[in-house]
Structure formats: structure tokens, C-alpha cells
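Please have a look at it first.

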Amino acid sequence: MIKAVEGSAKPAVVAIHAVAMGGGLELALGAHYRIAAPGAQIALPEVKLDLLPGAGGTQRLPRAVGLETALNMIVSGTPVPSEKLAQTALFDEIAEADLLAAAICFAGQAADRGGPYPKVRDRKIEHPNAEGFIQFARNSVAAVAQHFPAPHECIDAIEKGVKEGFERGLALVQTPESRALRHTFFGERAADKIADVPPDTPVRKIGHIGVVGAGTMGGGIAMNFLNAGLPVVLLETKQDALDRGLATIRRNYEDEAQVKKGKLTQEKVEERMALIHPTLSYADLAQADLIVEAVFEELGVKEQVFRQLDEIAKPGAILASNTSTLDLNKIASFTKLPGDVIGMHFFSPTNVMKLLEAVRGEETAKNVLATVIQLAKKIGKTAVVADVCDGFIGNRMIEQYIRQALFMLEEGALPAQIDRAIEQFGFAMGPFRMSNLAGNDIGWAIRKRRYREQPELHYSRVADRLCEMGCFGQKTGAGWYDYQPGRRDALPSKLVDDMIVAYSKEQGAVRRRIGDEEIVERLVLSLVNEGAKILDEGIAAKASDIDMVYLTGYGFPLWRGGPMLYADTIGLYNVERAMRKYAQQPNGAAWQPAARVSALAASGGRFNA
Ligand code: NAD
């Protein structure tokens, strides 16, 4: 289209106001003339998504505004007001008054003069030392854009254009990294599109929040609402628990104020604290439009809470549970209006983790789901919808990943090697550092339940040994690693490493050297296989939802686009082949490929179509 405009026999005049960014600016650069209103924002922001301006921007902009200005704009993506570009050859006129009238008048005059009309592509790029400047730009970018290739490639494309001409510069490459970031960009926007909940579904008004339980999660959840200016009634069973919860919230705010000097002032901290109404009485929750429960993870306790909420909540109030593992449908059944019940599964630490799994029960009303998704946006979360199952999307998958990590300990690896390999792949934190942070006792409790409920499921018990030694992680000063008081560095522990080797021996396992490649493959593909099952069962509606869960809640490397996109990138044929190979090894029973993996491997398809 840009070529057609540029080659047109009639003069093309573009009138620019408000914004001309990305493709809009590239189209404008294809026209013969440009007239802008002052204050219009001009940018090629693609680089922010690790994309290249792919429709000629890298070639035409330097010809319109000069090499230096163009390079700065393209590599930073930052908008520049039109009047600042008035001195360049980008605009033929700045229209102070009526932009449209000025453009029409300009077009008339151009047509009267007759063609051929000027093309930006025909201009020369003038610079006294283009090569030197490009090198300077390259050095500056190298320092800040390590994993993101687009800024480098923008410079390459501009350089090629300068040295070899317009067409050569235009021959751009699309990298897997840029595909991953585009996937993330669209995946995040697709996450709140739910097939049977159209965008015009009415939502309920949420002005007042209730939170039940002021522990780790309850306090964090309350802060998320307070930050958005929503008043929160915070309920506990005992005064001392309530006081502790409030003190933690205050301390977290004060720590944050220390870090974000100037942004979060003491005054703002007080404002937020003043929005909390602490209470021991359920009657105080009667005005809440949404009540989020974050009490102990025991069905009996949840039952007690939901039966009371059912009594006092006002008509139309939404009742949400932050449960990580319990059956939301059962929780909903404790109320008379299960349609008003939903899961809001926040992730710890709630001020850092952007993920919110919106857990949809069998009866959850569509307008309840729509309301929670809209509210998630308001509090800065990425909501992903999950149906009810054990662990929902994220934790159900991570269990398989941890299971593989433990098998590998038994087979020959040590915690530090496994963590290092997957961190080099790009994960924020390896499985053992992560478990130490969350508390090894949490996984232990889950495993104990698994041994009872699914005795046929094979697990390495090496982690149980660690827990029996009292090594619950950072909170006990020892876990898979040792910790020194006041420091968070994970120091390899001889005691634990010896325990692992002794455990292998006891199991009759022949320890072998496990390569980093195998570590990464087994960890990531275990996520892929469980993710595929989650899609097969309809727990997640689309592969990109799973990727969003891993990118926003589990520290999966952003430039790899999530586990499902990663599988697409290496190809499902290769994924399935690796699974079949691991199925032959000790502890191979976990590697039966999911139906969808086999089907896509056979058809040459992808999870993300
Ligand atoms: P926690 O032990 O830190 O806090 C629970 C709080 O609930 C305590 O302060 C307790 O006094 C209070 N409480 C207990 N019974 C109550 C009742 N009947 N009424 C009012 N308050 C009551 O636990 P947590 O880690 O905050 O977990 C809370 C919930 O969040 C659980 O369902 C858990 O599975 C879920 N969750 C936890 C995490 C995590 O990383 N910790 C992450 C996601 C979800």
C-alpha cells in the first residue's frame, strides 16, 4: 500500500495530528507531502516490542529527518512532538490553524504544479561521518539491549541503507526473539477475550473490597486494591493476627517508599493505610462489593468462612477465593449463590507478580468473570482464565517441572547445577532457589497428599528427606542451599549434596553426568507436556494463555515467549521425539506425550496457530 501511495500519479498529502506512530508514520513517509499540526506525537515505537519498523521506516526516516535524529528515534522508540521536527525535512508545512483545510489547499496547489511528485526514498542521507556515528550508536545500544536484538538490527538496517541504498536496507530479518515478543504482546491482549463471555457482558460495580485473612497473601492482596485507591475491610479471627497483618502492610509500604523515593511519599503511605478498615467482625463486610478470602488452605476453614460470607454479603457481592489447590466448585457449594463465587488466584509476592488466575467454577456467572477480569486490569494484573482442576494452570504445570528436577537429583545432578542451567536458559530463578523461597514444606504437603490420593504416581522422595532434616528454605536459614543471616545468596550445602548422593545410592541409582542441555530440555518439556494436557482438557482455552501464565507468574524468559511458543519454535516433531527418548530412561513414566503433542507432531502443527 505504501508503495502504491508513493508511486501514485496523483499527489498524496498526509495531514498529521495527535499521533503518527509505527505503521502510521511509515505510511506518511510514503506520501509525497506531509503537513502536521503542532503537538502531534511522531514515533517509530516498534523497538519497544523488539520489532523493527518493517514497512520502510528504517530507510525513509533517516532520509526525512537526518541520520542522527532518525537513529535516536528508531532505537529509543520515544515519541517526538511534531514542532520539534519542524526544522527537518519531514514536514512540508506546520499547520497552526485548520490542518485539514491547509492540507486540502496544499494538495490543490501541488496538483496544479503537476508531477512527478517527490519521494522520500529518492533523497540522500547526508552526514559528515556516518560510519563513526553508527559505530557510536552501536556501542551505546550494546550496553542496554543484551537479550533484545531489535535495536542492533535497526542499526544494521540503517547502516545498510546508508551504505548500499534504500532497497538493500529494506531487506530485513525477523528473529525468533521478535516473534516471541509479538506473541507476548498479542497474547496479553487475547487473554481477556473469552469465547462465551462477549466484551459487552455487563459488569458489576466494584467500589468496596473485603479481604478475609491478613497473612502473607491476604495482606498482599489488600495492598493491590489500596494501591488502586479502593477501600478495604480486612478481617481476621484474632486481634494479634490482625495487628501483625497491618504491621506487615505498613512495613512493606515503608520499604517500598525507601526504594521509590519521591514516588511513594510518607503522605501517600498514610493515605493508603487510612483506606484499611481492620475488623474482627463479619458484619463489617456487609457493604463490600467483592470479598476475597485468603485464609488457611483447609477445606474446613474455607467452609466456615464461605458459610458466614453467604449470610452477611450484600446481594450481588462477588465472593472470591485465593485457594491454590482446593476445589472451587466445592467452595462455591457452601453458598446459596454459587454463581457469585470465583477463584482469584494471586501469586506471591503479590506486589511483584502480575499474574492473576481467574478460576471459573462450574456455576460462576459470566458477569462475575467479566467483572473480575476488568478489575484485574485496574489493579495492574494480567488475568488468565482457568477452569477448575488441581493446581489450575500454573501450579499444575510447575509440579511436573519440579518432579523432573527431583528425578535429576536422584540420577546424578546437584541443585546448583540444575538451577544454573535453567537460569542460563533465562528463567529468573531455578527450581531449587524457587522452592527455598516459597518454603519446601509447601511442596511436601502437596506430595503427602499425592502419595495418599495417587499412590501409583512415581515421585523422588529426595525432597522429603530434606524436609525431614528441617530444611524448609530461606525461612529456616537452610534448604537446598545454606543461607547466612541477613543475606539472600544461596550457598551450596555440602550436607545436602552428600544427602542427595547417599539417597541415590540407597535407591540403587547409578549416578551419571547430566548435561545442561538435558536439564533444560527435561524441565521445559515437562511444562509443555502438562500444558498440552491442560489444553486437551479445556482447562485453558488457548496456548497463549498458558504462555502468559508462565511469562507473568513464573519468570519464564520473556524473549522465548513462554513454554508453548518455545515448543512451537523447536517444532513439535522434535518435542515428541525428545519425550519418547526420555520415556526410555529411568523415571521415564512421566514422559507419555499428551495427545495434542502427538497430534501436532504428526500434522506438523503448532500450539499457537
Ligand atoms: P497465611 O498462613 O500466611 O495466612 C492465613 C491467614 O488467615 C492467617 O493470618 C490466619 O490468621 C487467617 N485466618 C485463618 N482462619 C481464618 C478465619 N476463619 N477467618 C479469618 N482469618 C483467618 O497463609 P497464606 O500463605 O497467606 O495463604 C492463604 C491462602 O492463599 C491459602 O489458600 C493459600 O493456598 C493461598 N495462596 C498462597 C500463596 C503463597 O505463596 N503463600 C500463593 C497463592 C495462593
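Here is a short tour of some salt bridges.

This is a predicted model, in which local features need pLDDT of at least 70 and side-chain atom pairs count only at pLDDT 80 or more, while totals for chains, interfaces and linings use all residues. Residues are numbered from 1 along each chain as its sequence is written, and side-chain values use heavy atoms, with hydrogens and water left out.

Side chains of opposite charge can pair when their charged atoms come close. A salt bridge here is a side-chain nitrogen of Lys or Arg within 4 Å of a carboxyl oxygen of Asp or Glu. Searching the whole structure turns up 41 salt bridges.

Start in helix α7 (residues 150-164), where Glu164 and Lys160 sit four residues apart, about one turn of the helix. Helices (H or I, at least four residues) and strands (E, at least two) are DSSP runs, numbered from the N terminus. The side chains of Glu164 and Lys160 form a salt bridge at 3.6 Å, N to O.

Next, Lys336 and Glu311 meet in a salt bridge of 3.9 Å, N to O. Lys336 lies in the loop between α14 (328-333) and β12 (341-346) and Glu311 in helix α13 (residues 299-312), so this pair ties together parts that are 25 residues apart in sequence.

Finally, Arg449 pairs with Asp390 in a salt bridge, their closest N and O atoms being 3.4 Å apart. Arg449 counts as buried, at 19% relative accessibility, whereas Asp390 is partly exposed at 27% (buried means under 20% relative accessible area, exposed over 50%, partly exposed in between, with a 1.4 Å probe and protein chains only). A network of salt bridges links Asp390, Glu399, Arg449, Arg450 and Glu453.
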